[in-house]
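Here are some notes to read alongside the model. Please keep the structure open as you go through the points.

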Amino acid sequence: MAVIKEFTKGLWQEMPPFRLLLGLCPTLAVTTSAENGLGMGAAVIFVLTLSNMLVSALRKYIPKTVRIACFIVIAASLVVALELLMQAYVYFLYEQLGIFVPLIVVNCIILGRAEAFAAKHNVPDSIADALGIGLGYTIALTFLGSLREILGNGTWFGMQLFGDSFEPFKIMVQAPGAFICLGLILGGMNWLARWQNRRKGSEFVSIGCQVCGGACAACAAARKNDKES
């Protein structure tokens, strides 16, 4: 159950770009298409999973005074291997992602999960954490890339979706479009989170009042928070 919990948290509760606001530079830069978003997410999954696994396996042997340097060396080694693999098998994607592939080394998600989780937990949990966070990051980038590609080019994964009469919003595949789409997504997710909190608060009040008649301090506080929200 612990492994499942660590995996699923990255799919919504701790989704890096939309919930934790981590890894925003590549999120904004490479998501001009769904293909780019998917490719960048897959690259991060590769580095993050192996990095978490190695950090967790070696955590008892890495001196605390140099742990950050060791984490960076591990991530850098994996990124070099990733670059060679991409150049050999998916060179077109490597060219499209450009400088952001080697910059995975300094991606705050990689170092953050190594320091905050992998260095303190066992290998299975660390792998589950990496896969969940990485998959959540991939979903976020692919969704943002899809939105920008559809609105900006009228295509999705290169496939034409609309007829000749469609007038694309070219701004969506430019730098301002990345900020516009990200802002709209963050606003929508905040609204959804607020709605969920209101619903939970209402359910708590309803259940509590059946027991105490609404006289306890907890029920009063829940009612007050529900009205304020």
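1. A word on terms before we start: two residues are in contact when they have heavy atoms within 4.5 Å of each other. This is a predicted model, in which local features need pLDDT of at least 70 and side-chain atom pairs count only at pLDDT 80 or more, while totals for chains, interfaces and linings use all residues. Residues are numbered from 1 along each chain as its sequence is written, and side-chain values use heavy atoms, with hydrogens and water left out.

2. Let me begin with Asp 129, which sits in helix H8 (residues 123-153); helices (H or I, at least four residues) and strands (E, at least two) are DSSP runs, numbered from the N terminus. Is Asp 129 buried or exposed? Asp 129 counts as buried because its relative accessibility is 0%, where buried means under 20% relative accessible area, exposed over 50% and partly exposed in between (1.4 Å probe, protein chains only). Residues up to four places away in sequence not counted, Asp 129 touches Glu 6, Lys 9, Asn 52, Arg 113 and Phe 117.

3. Now for the overall picture. The protein chain has ten helices and two strands, and along the sequence they run α-α-α-α-α-α-α-α-β-β-α-α. The chain holds 229 residues, and 38% of them count as buried. Among its contacts with a separation of 6 or more, 70% come from residues 24 or more positions apart. The accessible surface is about 12,500 Å², with 67% of that belonging to carbon and sulfur atoms; these areas come from the Shrake-Rupley method with a 1.4 Å probe, and for residues only the protein chains shown count as cover.

4. H5 covers residues 67-89, 23 residues in total, and spans 33 Å from its first C-alpha to its last, close to the 33 Å expected at 1.5 Å a residue. That expected span is 1.5 Å times one less than the number of residues. Which residues of H5 are buried? They are Phe 71, Ile 74, Ala 75, Leu 78, Val 79, Leu 82, Glu 83 and Met 86. Their cover includes helix H4 (34-58), helix H6 (91-97) and helix H7 (108-116).

5. Staying on H5, look at Ile 68, which is found in this helix. Ile 68 counts as partly exposed because its relative accessible area is 33%. Beyond residues up to four places away in sequence, Ile 68 touches Leu 111 and Glu 115. Ile 68 and Leu 111 are 43 residues apart in sequence, with 7.9 Å between their C-alpha atoms.

6. Val 44 belongs to helix H4 and counts as buried, because its relative accessibility is 1%. Its contacts, leaving aside neighbours within four places in sequence, are with Ile 104, Ile 110 and Tyr 137. The C-alpha atoms of Val 44 and Val 79 are separated by 9.2 Å, at 35 residues apart along the chain.

7. In helix H6 you will find Gln 96, which is partly exposed at a relative accessible area of 43%. Leaving aside neighbours within four places in sequence, Gln 96 is in contact with Glu 35 and Asn 36.

8. Two backbone angles are worth a look. Leu 21, in the loop between helix H2 (16-20) and helix H3 (24-29), has a phi near 55°, a positive value in a residue other than glycine. Leu 21 counts as partly exposed, at 46% relative accessibility. Phe 157, in the loop between strand S1 (155-156) and strand S2 (159-160), also has a positive phi, near 55°. Phe 157 counts as partly exposed, at 35% relative accessibility.

9. Finally, the largest pocket has a volume of about 170 Å³. A pocket is an open set of points on a 1 Å grid over the protein atoms alone, where a 1.4 Å probe fits, with protein on both sides within 12 Å along at least five of seven lines; lining residues have an atom within 4 Å of a point. Grid points are joined across faces, edges and corners, and the volume is the space filled by probe spheres set on the points. The lining consists of Val 55, Arg 59, Ile 62, Pro 63, Lys 64, Arg 67, Phe 71, Glu 115, Ala 119 and Lys 120. By class, that gives five nonpolar, no polar and five charged residues, where Ala, Val, Leu, Ile, Met, Phe, Trp, Tyr, Cys and Pro count as nonpolar, Asp, Glu, Lys and Arg as charged, and the others, Gly among them, as polar.
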